[in-house]
Amino acid sequence: MTVTSEQRFGEFVAVRRHAGQEHVAELVLDRPKAMNAVSTEMARSLAAACEALGADPGVRVTVLTSSHERAFCVGADLKERNSFTDAELVRQRPTARAAYTGVLELPMPTIAAVHGFALGGGFELALACDVIVADATAVVGLPEVSVGVIPGGGGTQLLPRRVGVARAAELVFTARRVEAAEARELGLVDELVAAGRDREEALALGARMAANSPVGLRAAKKALRLGHGLDLRAGLEVEDAAWRSVAFSGDRAEGVAAFNEKRSPRWPGE
């Protein structure tokens with residue numbers, strides 16, 4: 001797959017675009033010497049990259065990947081954390097949170113491509129995505145209680161939304177690592193692919209999504225996110241508001257016209 005452009009955000013994060021997939025952005029965790037452990041600098045760069053992606057109307061899907069051969073992301077940089085005073089840790093917290101919420105709040109569909117270790121904050125970055133594609137080498141988990149803290153990048157909230165409160169409690173309280181086959185069985189990941197195929201399969205899935213209306217994709221994601229956890233009546237009101245936001249759009253007009261004319265749509269994106 002040919003990279004046609006790359007934009008760096010600091011030393012450890014990149015956004016790449018590929019030939020033939022102009023509407024899919026690859027958001028790359030690129031700190032291989034530390035297995036993508038999230039340092040303060042990396043967190044700041046990740047938040048900046050997400051802000052730029054969110055403001056780019058040409059991006060219909062974002063795929064979160066890793067440049068490390070044996071890890072997606074091993075979580076927070078504990079070597080850096082060990083050097084912090086209490087006051088420094090408090091000051092660093094908003095920066096760390098901004099990285100995780102940056103991924104979580106991306107307005108377009110997001111896919112995580114996971115191989116090797118995705119632990120602690122690394123798994124939380126994957127959980128912040130809409131779909132997780134994992135290869136057979138993946139090992140996931142939230143081990144924070146084993147080092148005296150709790151999942152602080154959204155894990156205590158995102159995991160139970162995937163697998164239920166009791167299952168999430170068991171995983172968080174035991175701090176255990178879960179290998180790929182069991183992770184798929186438990187719903188910790190959504191698709192399981194052959195070793196070494198997570199990135200390619202995630203980008204291919206992203207391309208299939210990106211063929212659809214950018215207006216529709218963003219509105220559908222908003223409805224899914226805002227409606228989750230509400231009672232049915234309230235959820236249907238969220239859905240109705242999202243429908244009204246797209247019903248009179250250029251994309252809707254083009255989609256209906258293309259269907260009737262038996263051709264591929266040319267989305268105006270508005």
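User: In which sense do strand 1 and strand 2 pair, and over how many bridges?

Analyst: In this predicted model, R8 stands opposite A14 in strand 2. Strand 1 and strand 2 form a hairpin with three residues between them. The pairing of strand 1 and strand 2 is antiparallel, and the number of bridges is six.

User: Which residue in the turn between strand 1 and strand 2 has a positive phi, and of about what value?

Analyst: The turn belongs to a hairpin in which three residues separate strand 1 from strand 2. The residue with the positive phi is G10, at about 65°.

User: Which residue takes a positive phi in the hairpin of strand 2 and strand 3?

Analyst: Strand 2 (residues 13–18) pairs with strand 3 (residues 21–29) in the antiparallel sense over five bridges. Across this pairing, R16 stands opposite E26 in strand 3. Two residues lie between the strands of the hairpin, and the positive phi, near 80°, is that of G20.

User: How many of the six residues of strand 2 are buried?

Analyst: Residues count as buried when their relative accessible area is under 20%. Strand 2 is largely enclosed by the rest of the structure, because the number of its residues that are buried is six of the six.

User: What is the strand order of the open sheet of seven strands?

Analyst: The edges are strand 1 (3–9) and strand 11 (191–193), each of which pairs on one side only. From one strand to the next, the twist averages 20°. The pairing is mixed, and the order is 1-2-3-4-6-8-11.

User: Which residue of strand 7 does C73 stand opposite?

Analyst: Strand 5 and strand 7 (residues 117–119) run parallel and are joined by two bridges. The residue of strand 7 opposite C73 is A118.

User: Is C129 buried or exposed?

Analyst: The cut-off for buried is under 20% relative accessible area. C73, at 0%, counts as buried. C129 has a relative accessible area of 4%, so C129 is buried.

User: Which residues make the nonpolar surface patch of about 270 Å²?

Analyst: One of them, L78, is found in helix 2 (residues 78–82). L78 has 51% relative accessibility and therefore counts as exposed. The residues that make the patch are L78, V147 and V149.

User: How far apart in space are P94 and R44, C-alpha to C-alpha?

Analyst: P94 lies in helix 3 (residues 86–104). At 53% relative accessibility, P94 counts as exposed. P94 and R44 are 50 residues apart in sequence, and their C-alpha to C-alpha distance is 9.8 Å.

Conventions. Residues numbered from 1 in each chain as written. Predicted model: local features only at pLDDT ≥ 70, side-chain atom pairs only at ≥ 80, totals over all residues. Heavy atoms only, no water. Buried < 20%, exposed > 50% of the residue type's maximum accessible area, 1.4 Å probe, protein only. Patch = residues over 30% accessible without salt bridge, like charges linked within 9 Å, V, L, I, M, F, W, Y side chains within 5 Å. Areas by Shrake-Rupley, 256 points an atom, 1.4 Å probe, with all protein chains shown as cover. Salt bridge = Lys/Arg side-chain N within 4 Å of Asp/Glu carboxyl O. Helix = DSSP H or I, 4+ residues; strand = E, 2+ residues; numbered from the N terminus. Pairing = 2+ DSSP bridges. Axes fitted to C-alpha atoms, helices over the stretch in contact; angles between N-to-C directions.
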